[in-house]
Amino acid sequence: RARSSRPYDENSCLRGAAVGRVVQWRRRAALPLGSVFDPPAAEMPDDQRIMRAEGCPFSDRTAGSSPYTIISKHTQGITHTAVVPLDLVKCRLQVDPDKYKNVVNGFKVSVREEGMRGLAKGWAPTFIGYSLQGLCKFGLYEVFKVTYSGMLDEETAYTYRTLVYLAASASAEFFADIALSPLEAAKVRIQTMPGFATSLREAWPKMVQNEGYGTFYKGLVPLWGRQIPYTMMKFACFEKTLELLYKYVVPKPREQCTKGEQLVVTFAAGYIAGVFCAIVSHPADTVVSKLNQDKTATVGSIVGKLGWAGVWKGLGPRIIMIGTLTALQWFIYDAVKVWLRMPRPPPAEMPESMRKRLEAEEAAKSK
């Protein structure tokens, strides 16, 4: 076989090795927010560093990047499935508070009536539904974040970055809930209607035969009411909490922390964000559970019947469930990136041009 006459070039070899990664790390146009969202060169493998130097920047959690969307998809599905027993008791507390007095009593009654196996009811629609939702939520969040930040100049994008997080997460969740709604409806039926069905394969055809496909989207609007505020809080609170933890709590700069220490900070920020997520979205979560249980109910009739105090039933277990879920999702998401040596940029930092301008203004005032 004829050998190439081209001289050996280490950089060329690295670029060749990077071709496989290009499939994963999708090329995007340079954006004004590159200095905020792009990973530092020191954290990038050699092939990515070379390609970025040639004008192909890579963004952490790159929009549409297959590794990130795959990670987020399975993170959502696995973590929600892991807490199905708690979710089952929470739903039953919401729809039948007379029978299920509290979390402990809810577990006791459920185990007594259906055995330990009954606590796993609804695991299949939970896994499938939240996997699809995670795929849309994390993937589209990055698409919208890059899109919205690209509409602003660098300094404006940094100053109003929280609004960018809120707008991007709300837009992503709008579409993610369309994927989740049918599976959420089936899950609630399985968990809260004794004798209706014990599996997704049994519940789905029954719902279609008795009520038609429209029943899967009956709770979509309340689901938006629950999930959009939840996701806005999840992303914006996490990003802001991470900044504040490194600024005021962690005793040394992020770049001096070990990967393990950084993951602990990620878990803490995720749990704090999860607590706020649970609180802001809980009334809508109660309404969704009741809607999917009772096919004749409406949002108005449910709120009127439950009252202000009733829509907060089950908040305790939901705080534990959502706090743990959110913390684990961010932890696993970050840990897998560490394991796969994916870029992990620090929290948003002030652009150099803005820092210099503020320093000049401060010096002018002091004269």
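Trainee: What does Ile 322 touch, leaving aside residues up to four places away in sequence?
Mentor: Ile 322 touches Tyr 230, Gly 274, Cys 277 and Ala 278. Contact here means heavy atoms within 4.5 Å. Keep in mind that this is a predicted model, where local features need pLDDT of at least 70, side-chain atom pairs count only at pLDDT 80 or more, and totals for chains, interfaces and linings use all residues. Residues are numbered from 1 along each chain as its sequence is written, and side-chain values use heavy atoms, with hydrogens and water left out.

Trainee: Which helix is Ile 322 in?
Mentor: Ile 322 sits in helix 15, residues 315-339. Helices here are DSSP runs of H or I with at least four residues, strands are runs of E with at least two, and both are numbered from the N terminus.

Trainee: And is Ile 322 buried or exposed?
Mentor: Ile 322 counts as buried because its relative accessibility is 4%. The cut-offs are under 20% relative accessible area for buried and over 50% for exposed, with partly exposed in between, using a 1.4 Å probe and protein chains only.

Trainee: What about Thr 326, where is that?
Mentor: Thr 326 is found in helix 15, and it is buried, with a relative accessible area of 0%. Beyond residues up to four places away in sequence, Thr 326 touches Tyr 230, Lys 234, Gly 270, Ala 273 and Gly 274. The C-alpha atoms of Thr 326 and Ala 268 are 9.9 Å apart, and the two residues are 58 apart along the chain.

Trainee: Where does UniProt put the feature "transmembrane region"?
Mentor: The unreviewed UniProt entry places it at residues 263-284 and 319-340. Those positions are in the numbering used here, feature names are shortened, and annotations may be inferred rather than shown by experiment.

Trainee: How much of residues 263-284 is helix in the model?
Mentor: Residues 263-284 are 100% helix and 0% strand, with 32 Å between the end C-alpha atoms. For residues 319-340 the figures are 95% helix and 0% strand, with the end C-alpha atoms 31 Å apart.

Trainee: Switching topic: how do helix 8 and helix 10 pack?
Mentor: Helix 8 (residues 123-150) and helix 10 have axes 7 Å apart, at an angle of about 170°. That makes helix 8 roughly antiparallel to helix 10. Axes are lines fitted to C-alpha atoms, for helices over the stretch in contact, and angles run from 0 to 180 degrees between N-to-C directions. Under 35 degrees counts as roughly parallel, over 145 as roughly antiparallel, 65 to 115 as roughly perpendicular and the rest as oblique.

Trainee: And how do helix 10 and helix 11 cross?
Mentor: The axes of helix 10 (residues 161-192) and helix 11 (residues 200-211) come within 10 Å and cross at roughly 105°. Helix 10 and helix 11 are therefore roughly perpendicular to each other. Residues making the contact include Pro 182, Leu 183 and Arg 189 of helix 10, and Trp 204, Met 207 and Glu 211 of helix 11. By class, the contact of helix 10 with helix 11 has nine nonpolar, no polar and two charged residues. Nonpolar covers Ala, Val, Leu, Ile, Met, Phe, Trp, Tyr, Cys and Pro; charged covers Asp, Glu, Lys and Arg; the others, Gly among them, are polar.

Trainee: Where is Arg 117, and is it buried or exposed?
Mentor: Arg 117 lies in the loop between helix 7 (103-114) and helix 8, and it counts as exposed at 80% relative accessibility.

Trainee: What about Val 89?
Mentor: Val 89 is in helix 6, residues 84-95, and counts as buried at 1% relative accessibility. Val 89 touches Val 103, Gly 106 and Phe 107, not counting residues up to four places away in sequence.

Trainee: Last one: how many helices and strands does the chain have?
Mentor: The chain has 16 helices and zero strands, and 47% of its 367 residues count as buried.
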